[in-house]
Structure formats: C-alpha cells, structure tokens
Amino acid sequence: MSLTCRVCSKTFCNDHGIYSHEVQKCEECFYCGYSFHGVKQIRSHMKAQHRNYKCTECKRVFFLDTGRANHTRMCHGISSTSRNGFISELRRCGGFHGLVIDIHPNQEKMKRCNEAVEKLMLFMQHNTKYIIGKFVKGGSLEKGTSIKDTFDVDLVAFINNFESVAEMDKHIDSILAKLEEHIVHDDITWAKKTIFTRKSHRSVQFKITGHEGEELIDVDLLPAVDLRQDRRSIFLEMKDSPTTRHLYSACLTQDQIAFVKHRPPQVKELIRLVKYWKEIEAVDIRSYCVELIVIGLWEEWGKQLQATFDIRTGFRKVMEELSCVGSMKMTSLSKHRVSDYTSLPDPPAVIDPANPFVNVADNLKSHEVENIQRKAKATLKDMKNIDVEE
C-alpha cells in the first residue's frame, strides 16, 4: 500500500516519507485538504487525525498499513501472514469466547486509569480561573466498552461562569486556550507523562498517565454548561441556534453515557468484539457509532432472540449490517422523534439518541463505506469457511 500526495502527486511507501514530506513541503493535508498555518500545526494535525493503523502488541500507530506490518515483523517477530486479520485473531484465541476474554480490559489497569482521571479532575478544579461545578466522565472507560489496555475518556467540565451555551460560545476560544495552558504548561507533578494532541473547535485533546510504563489515556477535555431545562426545550433551543449547536453535545454527555453504560454484559462483549474487528481491519468508523449499531440491533432482536443470544451469532448479524452500511438508517434509538427538530440525513445515518442533530456516521465518506462493506463481507465469508471451536 502507498499514498500519493494530492497536492504535488509525489508517492510514498513508508510512514517517515509521508510525515517528512507533509511537514517540509506542503501547506495542505493530502489526506483531507486541511490548510496549515505553521509546522507545529502540521505535526499536531497529522499525528492526531491520520495515524489509523495501530500495532496490536504495543499500540504504536502508523500512517500506513505497511508501516505497521514492518514494525510488527521487526519489533515483535510477527509476520503479516501470522496475524493478518480478525479471523487470524479468532484462530489464535480458539474462537469467539476465547477472543472475548483476550480483549477484555485488565481490571487493575482500569482501576489505575480511573485513579489518574480522578487526580486530573482535582487538578483542573484547583488550577483554573473557572468555577467548575462538576465533571462528567464519558468515553469507553466510563461506559465499560474498552478493549484490552486501550482507554479513552471524554472529560466534560461543567463551568459555572456561564449561564447559557450562547454566552459560553462568545468566550470558547479563550476557554480552550486556558485549558490547554493548564494541561501543557502547568506542573502536573503526579503525572508521569502528558502529551498535548490537538485543540479542536470544542475541546482540548491530550494523552496522560499517572503510572510509569502504563499505556497513555486518550483524554478529550470539553467545556460545557449545565443545562437544566427538559430535553425538548433544549432541542428546540438547538433548532434555533445552528451556529452554536455543536457546543450542546458536551452538555448532553450524561445521556450518551447512560444509553450505553447500563446495557447487559453480553451487549458490551459484542461491542468490544466489533470494536476490535474495526481496529484489526483498520476501518474508520467511530467507536460510539459501533456502540449504537450494536445496541440498535440488540433492541431489534427482541426478548426471544436476546434470551438465546450467543456471541458468534450476534457478531455475524453485526457484520451483515455493516456489509450494507451505505444504506443504513438507524434513526429511532431515542425516545425523541428526530423529525420534530431537524430533517433526517441521507444514509449512512446513525442518530445519536442523546442529540437528534448528530449523525455519528457522518464521517463515513464513499471510499470508507466501500472499505467497511468489503471487509465485513470478507469476514462473513471467512466465518463460513473456517471451523472454529467454541
């Protein structure tokens, strides 16, 4: 596999070539067309947005699948033929139940990650100029859907200095700059390592760990306003506020967490399995989208199928759904009717049950839809052709 720069048509066959070229030569990202303003911004963008291939042994990430393959062969002694996809992982673990056990997060590491996040929250409360009324933890760590030793946290800081989203929006740039300053420049003495990743239009992203040698936790720090109206009133307010609508998502994090967190253990096992499939097969579908697809299918199956659920059948049904993801319209997960507030998007559409304005599948462009469908179909075919002991 190689990549061609769409700005100057030069082709690269390794990670170093891509990164060096982007930093030294181009002012526009040849992956997505993002325009840069300085080398520091190029580095942050490339590392945060386009390293999509992760080593399953040490979690190092790469721009190209060939870069990952070379790394695993040279550093871990694993050839591309010995571990070349999800089916190989099934064989390695002796079947679905073995793989479910293998990808389950280590409870002791999860405990230490939670401790690090708690310390981070205390640090933020006492080291910012803002009055933080409360924190809400989101992400896979809080929802219970982490795989192996990979943990991510959406840390929402509800700031009492602002009474409305519109008021916070007037100060959002300075808020994010101040939060970035605390993370990057303040002395977080208890943290063994802190790496700033990027600043988006609504969050500060960084990696942190409180223990030497531990995997870094991906943290998305989002400022929010504590909205006290009923959900219908909030959605109507969002309908009338298209320019600030994106800032409401953080305010609704608790609803997102609750929708996933209290699902039965077998649902979370299936979510982990599909997340691992997307990682191994390198498909660019959001983790939250995976969670919603699995939960949506679980609810469709009804009590009779739920009572006789087995992980292999559940995984096969998810793959069948992903094999035609381009036509997917999952719009009824919420008790709120989407059409009361906004028009339904074109497929693929998976509407956030906590926010009727958000399609969590909107990042799936045509080439990625084709990639997901192709790999889901290939996995289904391979499942028929192998005899895996359960």
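**Exercise 1.** Which strands does helix H12 (residues 253-261) lie across, and at about what angle does it run to E5?

*Solution.* Keep in mind that this is a predicted model. Find H12 and look at what sits against it: the helix lies across E5 and E6. Now compare directions, and you get about 30 degrees between H12 and E5.

**Exercise 2.** Work out the strand order of the open sheet and name its edge strands.

*Solution.* Start with the order, which reads E5-E6-E9-E8-E7 for the 5 strands, with mixed pairing. Next, look for strands that pair on one side only: these are E5 (132-137) and E7 (193-199).

**Exercise 3.** Explain why strand E9 (residues 217-224) is largely enclosed by the rest of the structure.

*Solution.* Take its pairing partners one by one. Strand E6 (residues 152-159) runs parallel to E9, joined by 7 bridges; Val 153 stands opposite Val 219 there. Strand E8 (residues 204-209) runs antiparallel to E9, with 5 bridges, and Ile 208 has Ile 217 as its bridge partner. Helix H9 (residues 172-184) lies across E6, E7, E8 and E9. Now count burial, taking under 20% relative accessible area as the cut-off: 7 of the 8 residues of E9 are buried, so the strand is largely enclosed.

**Exercise 4.** Describe how helices H15 (residues 311-322) and H16 (residues 366-385) cross.

*Solution.* First, the geometry: their axes come within 8 Å and cross at roughly 145 degrees. The crossing is left-handed. Then pick out the contact residues, including Phe 315 and Met 319 of H15 and Ile 372 and Leu 380 of H16. Sorted by type, the contact has 7 nonpolar, 2 polar and 3 charged residues.

Definitions and conventions. Residues are numbered from 1 along each chain as its sequence is written. This is a predicted model: local features need pLDDT of at least 70, side-chain atom pairs count only at pLDDT 80 or more; totals for chains, interfaces and linings use all residues. Side-chain values use heavy atoms; hydrogens and water are left out. Buried means under 20% relative accessible area, exposed over 50%, partly exposed in between (1.4 Å probe, protein chains only). Helices (H or I, at least four residues) and strands (E, at least two) are DSSP runs, numbered from the N terminus. Two strands pair if DSSP finds at least two bridges between them. Axes are lines fitted to C-alpha atoms, for helices over the stretch in contact, and angles run from 0 to 180 degrees between N-to-C directions. A crossing is left-handed if the near helix is turned anticlockwise from the far one by less than a right angle, and right-handed if clockwise. Contact means heavy atoms within 4.5 Å. Ala, Val, Leu, Ile, Met, Phe, Trp, Tyr, Cys and Pro count as nonpolar, Asp, Glu, Lys and Arg as charged, and the others, Gly among them, as polar.
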